[in-house]
Structure formats: C-alpha cells, structure tokens
Amino acid sequence: MPLARRTFLTALAGSAAVSCTDASADRADAAPPAPHAAAAAARRLLGRHADQLDFRPLTGARDGFRVDGHPGRIRIAGTSPAVQLAGLRQHLKQVAHANISWAGEQLNLPDRLPAPSRPLTGRANVPHRFVLNDTNDGYTGAYHDWAYWERELDVLALHGFNEVLVYVGADALYHRVMAGFGYADGELRQWIPFPAHQPWWLLQNMAGPAGDPVPAGLLAARARLGRRIADRIRELGMEPVLPGYYGTVPPGFAERNSGAHMVAQGDWCGYRRPDWLDPRGPHFARVAAAFYRAQEEMFGPARLFKMDLLHEGGRAGDVPVADAARGVEKALRAAHPEALWVILGWRDNPPEEIVNAVDKRRMLVVDGISDRFPTVTDRDADWDGTPYAFGSIWNFGGHTTLGANTRDWAELYDRWRTRPGGALRGTALLPEAADNNPAAFELFSELAWRGGQLDLREWFEDWSVARYGARDAGAVAAWDVLRRTAYGTTRADGWAEGADGLFGARPSLTARSAAAWSPKQLRYDAAEFERSLDHLLTVRPGLRQSSAYRGDLLDVARQALSNRSRTLLPRIKDVYGSGDAAGLDRLTREWLGLMDLLERLLATDARHLLGRWVADARAWGSDDAERERLAYDQLSLVTVWGTRAGAEAGLHDYANREWAGLVGGLYRRRWATYFEALRTALDERRPVRPVDWFALEDAWVRDPGTLPARPTGDTYKVAVQVRERLRGA
C-alpha cells in the first residue's frame, strides 16, 4: 500500500494535539443533526449508487469514521453525518477511484460499488475544520441560489469540514436590529451595500454607495436563503459560523441614541468606513443583545461567531483596545455563554491587546498566513497560547491561477500540530474565492485527517488515479510535473498564491501583475509547467469524459497560455522602444491572437463563463432596473471593484480572473486600445497619450454586450490548439 494511503488510514487517536475531552466540549452546544442527513446527501451526490450505502452512527469523543462491507453493500459508520460523508469520500478515493470536488467530478462507478479489502478508518487530528473566507460571498459569487449552496455544503461535508462561515442574510439582520435604534427603512437600505460588496461592510471597511438603496425584497430573500444554509449545516452535523457584533453602526447613531460614544473610522481604499460604537458602554450592550437575539430568531442556534475588531486599519481612537475586546466578549457571553470568538490571523491581527484581554480558551484564530511568510514560525508565542487553526489563502480576489504552497503544508502542519504544549487546534481553508484549484482543496482538507508524514509524490499519484478513474501514465506524469511546479512553491518568497496573468492587467509596457497586491513574477519554471499539458493530452480516451478531466485540462492549458503573457510583453516593449513599427504590429497581433485563443478555451466550460455569473445576479432582480443594478454590482467587483477612488487606490482588477467574457471582452478591449495608442505614437513620433482606463472599464461594465451563459466548443480540441500554438510561438 502506498505510504500516502497507509498513513491516512492508520491515523491514530494518540496523534491528536488536543484531548478527547477538548473535542467533545467543542461540540457540546451544537444542535443535533438530522438522522438520515448523510444518506440524503449521498443520494444527491451519487444518485442510485447511494442505495448501496448503509450509514450508521459511531460513538467517540473525537470525530472518526469506519468503512467496511462487501460489494454492493458498503457500511459507513461515523460520529456525525458530515464525518460519515468524509468516510464515503475516502471510500470513493481509495477503493472506487472516484472523485467529487467543488470544481469537477468523476463518477464512473461500476453497478456494484466495490468494498474495501480491509476496513478504512480515520480520525480527525484536530477538532476545528473551518472553511470559507470572509470575502467568499463576494468573490465566489454573491448571487448563488439554494441549488448551488446545497451542493457546496454536501461537498464541504464530504471533505471533512465541520465549521462553515455563513454571511448570507446578515444584511437583513442588521436592517432588523438597527430599525430598533432610530433608523428608518430607507436609511438602512441606503447604508447596506449590494450583496457582492457586503463582505467588506461586515468587515467594517465600507458602507453602501450614496443614492442606491438595496431592494427590500432582496434583503428578505437573502434572509430566507441564509436560514436554509444554516439549517442544512446543522442537519449535516457541522456548525454555522455566524457574524458576531463588534460595533458597526450606521451614520448618526449618537444623534439617535443620546450618550453613545462613537469613533469615526475614516476611509478604506477610497471608501468611507462605518462608524464604530464603543464596546465599553451600555449602548453597545443593548445593540449586541438585540443583534444576537434577532440572529438566533432568524438563523437558528450557533456557537461560533466571526469578529475582526478594528480590521485593516480600523481606528481605536480614545478607546483602549483591550477594554474594547472585553466589551465585545462580555456582550457575546451574555447572549451565548459557551460561544467561541473566531478571529482572522492576518499580519498583526489579532494584536496582543485583544488576545491577552479575553478568555483564550474561547477564542479561535483562523490563521490566513501559515503558509505565506517565512517569518511566521511560532504562532503559540505570537498569540500567547491562543488556540489557532493552520490556514491557507491560495488565491486573492478569486484569481484563476493554479497552484499552492503544498510543500509548506507537508512540512509545517504536522510539526506545528504535534509541538509539545502547542495550541494548534484546527485547519482553516481560506481562499478568497472558492470552487477552484481542486487538487489544493482536496489535499488541504486531508491534513486534518492524516497521521504521519505527508509524501507529496505519492499523494499526487493517488490523486490522479481517483480524479480520472484509473491509473494512467500520462495523468501520473502530468500531476508529477504540477507537483514540482505550480504546487511545488513555498513561502520562502513571501507569497501563498501564484502570479496572475498579464492579459488581465491594465495595459502598460512595464506591467508585472494584474492585481496591485499579487506576485510580480512567476514562482516556478513556465517551460517545465507546459510539459504537464503535453502529458494530460495523452490520457487515454476512456478517461477524458469527466468534468474533472476536462476542468483540469482547461486549467492547465489556460495557465500555460496565461504564462506566455509574461514572456511576450517584454518583447513588445523592446520593439516599441526601438521604433520597429512592423515588429510592433507582428507582436501585438500575436498577443491579441493568444487572448482570442484563451477566450475560445474558456468558453468551453460553464465554470469559466462570465455570462453565467452575471445571469446569477440578474435572476435575483424583480424588474429590469433591479436586474441591471445587480449585474453591475457583480461585474464591478471583478473589474473596477467600485468607485473611481477605490479603483485608483489599487482595487481595480484585484479580483481579475481568466473567464470567457472578461478575456475576450474588457481585457481585449483594453489591450487593443493600448496597442493602437502605441502604434499611433510611433507613427506621429510622440509619447503615447494616457488613457482614462477607469472611464473605459466602467463604461464596459455598464454595457458589456452579450455575455454567453452556455459553454461552446470542445475543451480537448481547443487544448490541442493551445499546445500547438505554444510550440510554434
């Protein structure tokens, strides 16, 4: 048996960094799960094959599962429905050679499910398996419906997560609460941003734009969806992580509530931040009590609450931070005595003033930079023993770049977890957008269920077999190349995500990244990476039919094309600088030709269609005007982000991504405009005239033309064209 498989299946109870009593206490206040929730989820995921599964309860203080049985009748015992599903995933991977991910699946199953030759067992080595970033509701998609969320939650449970961040419906919650403190309906709907931008409002970074109230019907619909999401999480035996209250109020709170002490928060990236209510006073206690009371009525019971006090430059003013933290905690405990305060670990957050002021036993830091900075070496000391979760943010803004610092995961996680007296109590999967990078998703999810050293070579080999349904030399070779390139990076260079492509950058001959805060160069050898495309194209035809294979092939071909932008742009700069008009024409045609080929590739897959994403937003509107406004909310986030001030502060293209409609739409229009300006400048022997990029971008966002919402073309055929184009370039 390969080492990667053997170490997973023999994860021992004694390897945990926390005691069994710790784990049971962490689940003490959770609502009981639905008795047949795992079977219902399995039917949604597997269809008729679910009839061959027999799910049973398993007692134990630590989450664990056991899988055995005989062909056509598989017994799966687990400590909760979600853990039973984690056992099912292990059976699918190791025995049935099948794969279900949040980005593609392969379910070429025999009529009778095969049984394991010996029982498969697994136990969680940490109690907290947290998932989803605060920004998820924006960058993944603010307008997903219940069908999306139902599958997403099934997939998260299948991968062993047990704590899911839920922000959907928080807008309606704030509207209800603040109406009791002197605000009219219209004032509150003016203050609340539209859904795509709400994560940053909940993080206290911004409020709604002037003159643009969010529709009342949208608030009500999101409240219903949020309740449905939270209920399903509890049914599956997981826990919803809801936003806690830490002082955000609309403008004019002190005028409506005499004696309230407010601290103005200034600006964030060109946006006015909401005011902050001093947590030390009685006004805060009353608002918090109303908040938690309404929250439970609207979304049901919860035990974990996400709060990032004074996030990204928030101002404490004359309020001591430690006293503020005590006030926030006191209000939380008054409503939920056993609650856990979840807080993001990000650069200097949380500061010593917070962690040393609260009950550390009831705080969990979800660390966003465990695998980013080499200077992060001792989180136990950084947070003075506060329990924390090892986390990764492998994309920012939802960039479509492929890869992750998996070598750091293999080296650091188990070492930190087993450190004597250490405080590592969980994992935290925190990409700013979900539904991408499926290999990273699966590997990270397994960290909490493994024991012993992680052998990445064997893990990626096993992954290729389950991902496509059988062992194939081309698939194994492709993923070994990917292991050494896009998935072989480390935090030594201070990054956790790959470099985005330059096709999505605002045009400049010196562009080095599309997003202002992204790596300025590739973090692996591009020529070596392209070999993975050659290998994937040799996978035998019988294994090419799944959405898993097609999605991976598209991702690799897309990344290979995108990487070429970094070698072609310097050549364009050189010919322009030398005054070579013919050379400029030739290379700019090549650049636009690569973009056209990339657009055709992306158009073959529904997950890479901007039109589908915009259609999701429009579907929530009640009339044409609302539909247009919701489409603008969604589109602006991945382009200009919002206002001119915010764009010029660095937010434009923060959420760039290589999707059909964006590449062939806005991105191509920008580069064609720029190349025309360069050619004209050469002809007229003058410097190139500046372009008002925001004006061009905002005009496109408001009228992007037809954005197809259905895929066209054949991924494999276009990927072959990509390979041939790259070979001839």
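Which residue does R483 meet in a salt bridge, side chain to side chain? Its partner is D480, at 2.8 Å from N to O. A salt bridge here puts a side-chain nitrogen of Lys or Arg within 4 Å of a carboxyl oxygen of Asp or Glu.

A quick word on ground rules. This is a predicted model, where local features need pLDDT of at least 70 and side-chain atom pairs count only at pLDDT 80 or more, while totals for chains, interfaces and linings use all residues. Residues are numbered from 1 along each chain as its sequence is written, and side-chain values use heavy atoms, with hydrogens and water left out.

Back to the pair: R483 and D480 sit three residues apart in helix 19 (residues 473-484), about one turn of the helix. Helices are DSSP runs (H or I, at least four residues), numbered from the N terminus. Both residues also belong to a salt-bridge network with R457, R484, E528 and R531.

| Salt bridge | N to O distance | Relative accessible area |
|---|---|---|
| R483 and D480 | 2.8 Å | R483 15%, buried; D480 19%, buried |
| D51 and R43 | 1.9 Å | D51 46%, partly exposed; R43 41%, partly exposed |
| D267 and R272 | 3.6 Å | D267 52%, exposed; R272 52%, exposed |

By this rule, the salt bridges come to 69.

Elsewhere, W591 touches residues including L502, F503 and W671, not counting those up to four places away in sequence; contact means heavy atoms within 4.5 Å.

Methods:
Buried < 20%, exposed > 50% of the residue type's maximum accessible area, 1.4 Å probe, protein only. Helix = DSSP H or I, 4+ residues; strand = E, 2+ residues; numbered from the N terminus.
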